[in-house]
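Subject: The structure to look through

Hello,

Here is the structure I said I would pass on to you. Please open it alongside this message, and read the notes below with the model in view.

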Amino acid sequence: MTDEVKDPVVMASSSVRFDDESHSEKLARKAKEAPFVPIGLLGFAGVVAYGAYKYKYRGGMSTSVFLMQLRVAAQGTVVACLTAGLAYGMARQYLFKSDEKKE
């Protein structure tokens, strides 16, 4: 009786080997699996770019207060995108069930 060792790099439900993927293929696959993560990252980068632009015109506000408000805005954007992604994933899984898994 021989025990077969399963390759941990191979996904159980797919025949794709992850060690054969290029970085761009891996990024495309991850973005397809969780589309709101790249959207959250782009939102974060947008808030930071906007904050860097508005830093010059912050008025009498101290730098530390401005940066704290910028941090809260950037984190809020990422959390909102991730929450929307979770809601989308749960809706797709539980509300909009497809017959793809029935075989």
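In this predicted model, residues 34-53 form a span that is 90% helix and 0% strand, and the C-alpha atoms at its ends lie 30 Å apart. Residues 73-91 are 100% helix and 0% strand, with 27 Å between the end C-alpha atoms.

Which residues of α2 are buried? They include G40, V47 and G51, and when one looks down the axis of α2, its buried residues fall within an arc of 35 degrees, so they line one face of the helix. On the face of α2 that is turned away from the buried side, you will find the exposed residues L41, L42, A52 and Y53. Part of what covers the buried residues of α2 is α3, which runs over residues 63-95.

E21 lies in the segment before α1 (23-33), and E21 counts as buried because its relative accessibility is 17%, which is under the 20% cut-off. The side chain of E21 makes a polar contact with that of R29 at 2.8 Å, and this pair also meets in a salt bridge, with 2.8 Å from N to O. R29 is buried, as E21 is.

What else does the side chain of R29 meet in a salt bridge? The partner is E33, with 3.2 Å from N to O. R29 and E33 both belong to helix α1, where they sit 4 residues apart, about one turn of the helix. E33 has a relative accessible area of 47%, so it is partly exposed. Through salt bridges that share partners, E21, R29 and E33 are joined into one network, and the count of salt bridges comes to 2.

Technical notes. Residues numbered from 1 in each chain as written. Predicted model: local features only at pLDDT ≥ 70, side-chain atom pairs only at ≥ 80, totals over all residues. Heavy atoms only, no water. Helix = DSSP H or I, 4+ residues; strand = E, 2+ residues; numbered from the N terminus. Buried < 20%, exposed > 50% of the residue type's maximum accessible area, 1.4 Å probe, protein only. Polar contact = N/O pair within 3.5 Å; in protein donor to acceptor, adjacent residues only side chain to side chain. Salt bridge = Lys/Arg side-chain N within 4 Å of Asp/Glu carboxyl O. Arc of directions from axis to C-beta. Contact = heavy atoms within 4.5 Å.
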